[in-house]
Amino acid sequence: MSDVLRRSDARRQVFIPHQSTTSDPAPPGHPHVLAVGPPGPSRELLTRTLRLTGHEVTHAVPGDVRRQVRQATPDAIVALDDGPDGRRQGTDVISEVRADPAGQALPLLMVTAAEAPATVAELLRHGADDCVPEASDPVELSARIAAKLHRVPVPFDQLLLDPRTGLYSAPHFMAELDRELQRPAAARRGGVLAVVRVAEMAALETRLGPRVRREVAERLAQVGERLGSVCDRLGWDEEGRLLVLMPGVDEETAAAGLREFAAAVAGTRFVVADENVRLTPAVGWTSLSARTGGTAGARAAEQARDAAEEALRHRDLRPVRYEPWMRAAAPHGHRRTRPGPRALLAALTPLLSPVLMLALGVGVPFLLYRQAYAMGWDVAAAAYWVVVAGLVTSALLILLECLFSLDAEQRPEAAAQPYPAASAVIAAYLPNEAATIVDTVESFLRLDYPNELEIVLAYNTPHPLPVEDTLRDIARRDPRLVLLPVPGSTSKAQNLNAAVTRVRGEFVGIFDADHHPAPDAFRHAWDWLSNGYDVVQGHCVIRNGESSWVARLVAVEFEAIYAVSHPGRTRLYGFGVFGGSNGFWRTDLLARTRMHGSMLTEDIDSTMRALNEGARIAMDRTLISRELAPTLLRPLWNQRSRWAQGWLQVSLEHLWRGLRSPVFTRRQKAGLFVLLGWREVQPWLTLQILPILLHAAWRAGGADRLDWAVPVCLIAAAVTLSAGLVQAAFAWRLAVPELRLHKGWFWRYLLVSTFFYTHFKNMVARAAHLKEVLGDRQWRVTPRAAAAAGPVGAGAGGGS
């Protein structure tokens, strides 16, 4: 600009009677411009140009700008980028101007001699509103100043609504929150503040840049506005978190609205930065009731952020209400536990359970029977008939399942649509799976599928392991393998939730880390899904049955479950069950459903929630995956204890709701009652035979005086025992070929099941009920080991 300034000066110096180093008054109403730069020719030329174009001019040197602005706030600031000896000073001047509240909204133009676009970009990124080359014409400089004065640049956080998103900026949102809290508590009637984080934000920002924060906030707000209801005041902060103020609503209504919002977000495919993505909202909220004081809004926001952080760990779409333990919780990535008296009770559960079981299941009923008999009521006789009816009913239900399994629905002959891209998710806790995970991954990479098949290993580990290096080598050799570490994960559910938005397939198979699916598993799964089903559960086969008598027992039991009970139940009641592994979901449904890590059998819980959405779940015993069974009794107890307690949790959560739901038919409701209700009553009902016999012996004067040859009793015993025999026979008849070769396993299963294993499982169920009451929900991991050599091989237990 120096040459232009000199030419302008030569042409127009007749209009410049004198020069000034401070100010030169202009006619009233002319814009006041602060010219910033060190004294010298460049600033003098800039001053002349500004005056010639009708501006009032004052000067400031770098470092003194804030004082000058506060003393006499200008309409605009024009600063020189180049200082003495050619040193650039523009970014320092910008920082000085923008650091002062009075300077944040002032138009700031930089004059620079640099020709490189990178220099201009740097000045604009630091906060300049415009950048003018020195070679520009004075008329252009004046026009640019006039444009900025006509449209005053205001920082987004000082606007009521962010023009980029249409949402409240963070400061104004907090001002709205403070205004809400300043209203009298009686007039407020509840209210909730929610913060929404997005689990994929860091990955999106790494790949697409910081702009995704704004775009993600826009997409979330669009969903909230579409739903309407209670989400009427929406804001965002620069980290991309959505802020939701819900005044005048009770907590139950707010929680329902937030659940609906989370499900809608998870079920929508968004376009962000020209990419099609899925988002996982992590919603944390806190109540505004009874909040007062000048810092109440800030405290509420902090608590909602803490709750959102907790929700982010689970990624299960459930809004999390703030609890005080979240504030003092361990850093992100460590398991958080709630302190309290229940922790002590949980620690004592192994000691208390047997005592409580005998006291509640035998001692209390016996005393009640004696007391009632003393009062003239023979309650024990009535209880006897109830128990007999219950045993017979259980046996008949098993027989019905066996008969209906013969008529199980067959897999469609062909796919109704072309095979799409598919994904497999293997959920693993590496310290427990290190011995098997490489074999598992390699077995997946050998699968036969006619389209793209990605293998996502979603895993957590508390510390690095050598096997991770081996897995990374495999991933480098074969790009189909995607390694997905999930920091801070404490459950299989969290690993699956982290993977579901990452997968690219139209459908996804879910597996434990010891599963080896049959080569055609994904093709056969799509045969079902393309013909109108939403989920298909396959047949889990034990591959290490040669390892021990426990593994052989479980191998036959799995045939009774997956070859007989599951197909028979599906045919009998009209719905199937997802068993936790070797299950295939439509990806859209899985993204909406997720897995709830707080449920010990997250698979059954997800089944109930999917069924309540109207999903169709098929069971296919020809869809094979081989897994490992526990080889010792203690791991088997731990595994079955978790399953039993998980089923109880699902029953408490879903049974009553399902029986009232209009989604289920009467036939399906009958199945729900058997599946979730009767199975919880039956272990305690069978135990009642002991106090009844004790009471009968007490009343008769000794057990030797009882008549054991009562016809009804004998018939009930025969029916009950025959159910086990029939189930074992059906299990052998419908078992996979490699297990049918071991006929002796099935005979031994019948014997052990009759005299031990059935009672073992009933004891596990009763102990699990007591654990749930005592608040002990610890997940004791089932150890894995490499399969023993032999013809039978793979798999891990689900929530069957």
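**Entry 1: Leu397**

I began with the contacts of Leu397, which touches Tyr573, Val674 and Trp678 when residues up to four places away in sequence are not counted; contact here means heavy atoms within 4.5 Å. The model is a predicted one, in which local features need pLDDT of at least 70 and side-chain atom pairs count only at pLDDT 80 or more, while totals for chains, interfaces and linings use all residues. Residues are numbered from 1 along each chain as its sequence is written, and side-chain values use heavy atoms, with hydrogens and water left out.

I located Leu397 in helix α15 (residues 379–405); helices (H or I, at least four residues) and strands (E, at least two) are DSSP runs numbered from the N terminus.

**Entry 2: the open sheet**

I traced an open sheet of 6 strands in the order β6-β8-β9-β7-β12-β13, with mixed pairing; two strands pair if DSSP finds at least two bridges between them. Its edge strands, β6 (168–169) and β13 (320–321), each pair on one side only. Strands β7 (residues 192–198) and β9 (residues 242–246) are antiparallel over 5 bridges. Within this pair I found Leu193 opposite Leu245 of β9. Helix α10 (residues 211–227) packs on the sheet and touches β7, β8 (233–236) and β9; its direction makes about 170° with that of β8. For such angles, axes are lines fitted to C-alpha atoms, for helices over the stretch in contact, and values run from 0 to 180 degrees between N-to-C directions.

**Entry 3: positive phi**

I recalled that most residues other than glycine have a negative phi. Arg315 lies in the loop between α12 (296–314) and β13, and counts as partly exposed because its relative accessibility is 22%.

I also found a positive phi, near 55°, at Asn582. Asn582 sits in the loop between α21 (549–573) and β20 (583–586). Is Asn582 buried or exposed? At 0% relative accessibility, Asn582 counts as buried.

With a relative accessible area of 31%, Phe756 is partly exposed.

How values were computed. Buried < 20%, exposed > 50% of the residue type's maximum accessible area, 1.4 Å probe, protein only.
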